[in-house]
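Here are a few notes to read alongside the structure. Have it open as you go through the points.

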Amino acid sequence: MEVTGKIKKIDETKTYGASGFRKREMVVTTNEQYPQMLMIEFVQDKCDLLNSYQVGQDVKISINLRGREWINPQGEAVYFNSIQGWRIEAAAAEGAGAPATPPVDTFEKTADVSDSEPDDLPF
């Protein structure tokens, strides 16, 4: 899955436990009618992917949805979801790659067209 939007926040990398588990979180505001602020986490070696990005930049992030179950002290199951990023790239500008339309005054003018000419289009 992919998420596109503007970077709102990038946290520093945090290390947890004796094994040195690393996690870095960021918030992206989506580009849609009702923008959403999504917290996306990058773990282990993927934390370093965020080093070359900054707040305000438009990005496209490849993500995986993760879910897990935890049994609380009362014996009840509690469920948690997270969005985990594994690739990030700068988003292409709107209209990028499409050829630019030349100004109207550069088009060649045509002679008057008569309705009496036959229509040879097949549709």
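Predicted model: local features only at pLDDT ≥ 70, side-chain atom pairs only at ≥ 80, totals over all residues.

1. How many of the residues are tucked away? Of the 123 residues in the chain, 23% count as buried.

2. Next, the secondary structure. You'll find zero helices and six strands in this chain. Reading from the N terminus, the order of elements is β-β-β-β-β-β.

3. What about contacts along the sequence? Take the contacts between residues at least 6 apart in sequence: 50% of them join residues at least 24 apart.

4. How confident is the predictor? The average pLDDT for the chain is 87, and 75% of the residues score at least 70. Among the elements, strand E4, residues 37–43, has the highest confidence, at 97, while E2 has the lowest, at a mean of 94.

5. Now zoom in on one residue of E2. Tyrosine 16 sits in this strand, which covers residues 14–16. Is Tyrosine 16 buried, exposed or partly exposed? Its relative accessible area is 40%. Buried would need a value under 20% and exposed one over 50%, so Tyrosine 16 counts as partly exposed.

6. Which residues does Tyrosine 16 touch, leaving out those up to four places away in sequence? Its partners are Phe21 and Lys23.

Terms used
Residues numbered from 1 in each chain as written. Heavy atoms only, no water. Helix = DSSP H or I, 4+ residues; strand = E, 2+ residues; numbered from the N terminus. Buried < 20%, exposed > 50% of the residue type's maximum accessible area, 1.4 Å probe, protein only. Contact = heavy atoms within 4.5 Å. pLDDT = per-residue confidence, 0-100.
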